[in-house]
Amino acid sequence: MNTQHLQFAEQAAITASVVPDELRIGFWPQHFGSIPQWITLEPRIFAWMDRLCSDYHGGIWTFYTLNNGGAFMAPEADEDNEDKWTLFNSMNGNGAGLTSEAAGIVVCLMAYSHHACRTGCDAMTEHYYHLRDFVLNHPECSAIMHLID
């Protein structure tokens, strides 16, 4: 086994960290404050979840930061879904049952992509790719990629 390659892979691993409750208030301006119309991102993410998941009826979301500079949010599980959300994208015909984290990633990627196109903001495009790079080694990568295709 090539241990040098393994060491690089460990160093290059993108990891997610939960944002503590006391830091949530600064999450959006800290990570997205330079992006035009950043204030609309959170409700647009909720709208994407509502559009893709018939079982979504609002709730608490967890904020995450990535060690590559990215950030995203994901809905918390409730008694109805037991940490599985069924998403269906009618625009491409793909659907999947996902964990809360993966469901949040899907709707954030959709919102980030659309916001980048709408605003023409390179920083928003960078946020999309930071999150997409995290997805490439995520256990639910295939389902996520099919849903956002």
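Phe27, Trp28, Phe32, Phe63 and Tyr112 form one aromatic cluster, in which rings of Phe, Tyr and Trp (for Trp the six-membered ring) are paired if their centres lie within 6.5 Å. The model is a predicted one, in which local features need pLDDT of at least 70 and side-chain atom pairs count only at pLDDT 80 or more, while totals for chains, interfaces and linings use all residues. Residues are numbered from 1 along each chain as its sequence is written, and side-chain values use heavy atoms, with hydrogens and water left out.

The structure holds 12 aromatic pairs. Among them is that of Phe27 and Phe63, whose ring centres are 4.4 Å apart and whose planes meet at 25 degrees, so this pair is stacked; planes under 30 degrees apart count as stacked, over 60 as edge-to-face, and the rest as tilted. This pair links distant parts of the chain, since Phe27 belongs to helix H2 (residues 27-32) and Phe63 to strand E2, 36 residues apart. Helices (H or I, at least four residues) and strands (E, at least two) are DSSP runs, numbered from the N terminus. Phe27 is buried at 1% relative accessibility, and Phe63 is buried at 4%, where buried means under 20% relative accessible area, exposed over 50%, and partly exposed in between (1.4 Å probe, protein chains only). The rings of Tyr64 and Phe72 are also stacked, because their centres are 4.7 Å apart and their planes are at 10 degrees. Tyr64 counts as buried at 14% relative accessibility, and Phe72 is buried with a relative accessible area of 0%.

Between E1 and E2 (residues 61-66) the antiparallel pairing runs over three bridges, and Ala16 stands opposite Leu66 in E2.

Another place to look is His138, located in the loop between helix H5 (122-135) and helix H6 (141-148). His138 is buried, its relative accessible area being 9%, and its side chain is joined to that of Glu101 by a polar contact of 2.6 Å. A polar contact is a pair of N or O atoms within 3.5 Å; within protein, one must be able to donate a hydrogen and the other to accept it, and residues adjacent in sequence count only if both atoms are side-chain atoms. Apart from neighbours within four places in sequence, His138 is in contact (heavy atoms within 4.5 Å) with Glu101, Ala102, Ile105 and Ile144.

The cysteines remain to be considered. The structure holds zero disulfides, a disulfide being a pair of cysteine sulfur atoms within 2.5 Å. Cys53 is in no disulfide, and the nearest cysteine sulfur, that of Cys108, is 14 Å away; Cys53 is buried, at 0% relative accessibility. The sulfur of Cys117 is too far for a bond, because the closest cysteine sulfur, in Cys121, is 12 Å away, and Cys117 counts as exposed at 66% relative accessibility.

Note on methods. Two strands pair if DSSP finds at least two bridges between them.
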